[in-house]
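Q: I'd like to learn how to read a few features in a structure like this one. Could you walk me through them?

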Amino acid sequence: MSDNASINVFYDAVCPICRKDRRLFERWAGKHGNGINWCDVTEHQRQLREKGVTPNAALRSLHIEKADGTLIEGIDAYRLLMMRIPLLVPIAWLIGLPGIKKALRWYYDCWVKKRLKREGRWSE
């Protein structure tokens, strides 16, 4: 398992699926989830803008801020989160493989676009 310093996970709390995923991650993390701070992108727009992340970009991809202020986005953010949860470490390793990572990124981007369009929250 990697660094245990606190991280801020910026997620779309309006999305029911995203809230469900958060609950799953929290359950899987158990005591290892103490340093994982969940932040709604809508409530933290100013903080994200200061990091160069627009509200649209925040909705379209998971963003994690590490303790040193570094921002990680997309599949790499999911990998970082999974590396904090012992049960998910093997999956984090697997999704980091080049071909798998690229395919997952494409699938995730398509899924998010479809979800946001369905909710009327997609903007070009």
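Predicted model: local features only at pLDDT ≥ 70, side-chain atom pairs only at ≥ 80, totals over all residues.

Q: How far apart along helix α6 are Arg105 and Asp109?
A: They sit four residues apart, so about one helical turn separates them. Their side chains meet in a salt bridge (2.9 Å, N to O); that term means a side-chain nitrogen of Lys or Arg within 4 Å of a carboxyl oxygen of Asp or Glu.

Q: How many salt bridges does a search of the whole structure find?
A: Ten. In one of them, Lys101 pairs with Asp76, with the closest N and O atoms 2.6 Å apart. Lys101 is in helix α6 and Asp76 in helix α4, so this pair ties together parts 25 residues apart in sequence.

Q: Is Arg115 buried or exposed?
A: Here's the scale: buried means under 20% relative accessible area, exposed over 50%, and partly exposed in between (1.4 Å probe, protein chains only). Arg115 counts as buried because its relative accessibility is 2%. Glu119, its salt-bridge partner at 3.3 Å (N to O), is partly exposed at 30%. Salt bridges with shared partners join Asp12, Arg115, Glu119 and Arg121 into one network.

Q: Which residues make the nonpolar surface patch?
A: Patches take residues with over 30% relative accessible area and no salt bridge, joining like charges within 9 Å and nonpolar side chains (Val, Leu, Ile, Met, Phe, Trp, Tyr) within 5 Å. The areas come from the Shrake-Rupley method with a 1.4 Å probe, and for residues only the protein chains shown count as cover. Here Trp93, Leu94, Leu97, Ile100 and Leu104 make a patch of about 430 Å². Helices α5 (89–95) and α6 (98–118) each supply at least two of its residues. Trp93, in helix α5, is exposed at 57% relative accessible area.

Q: What about the lining of the largest pocket, by class?
A: For classes, Ala, Val, Leu, Ile, Met, Phe, Trp, Tyr, Cys and Pro count as nonpolar, Asp, Glu, Lys and Arg as charged, and the others, Gly among them, as polar. This lining has 23 nonpolar, one polar and four charged residues. Helix α1 gives the most, with seven residues.

Notes: Residues numbered from 1 in each chain as written. Heavy atoms only, no water.
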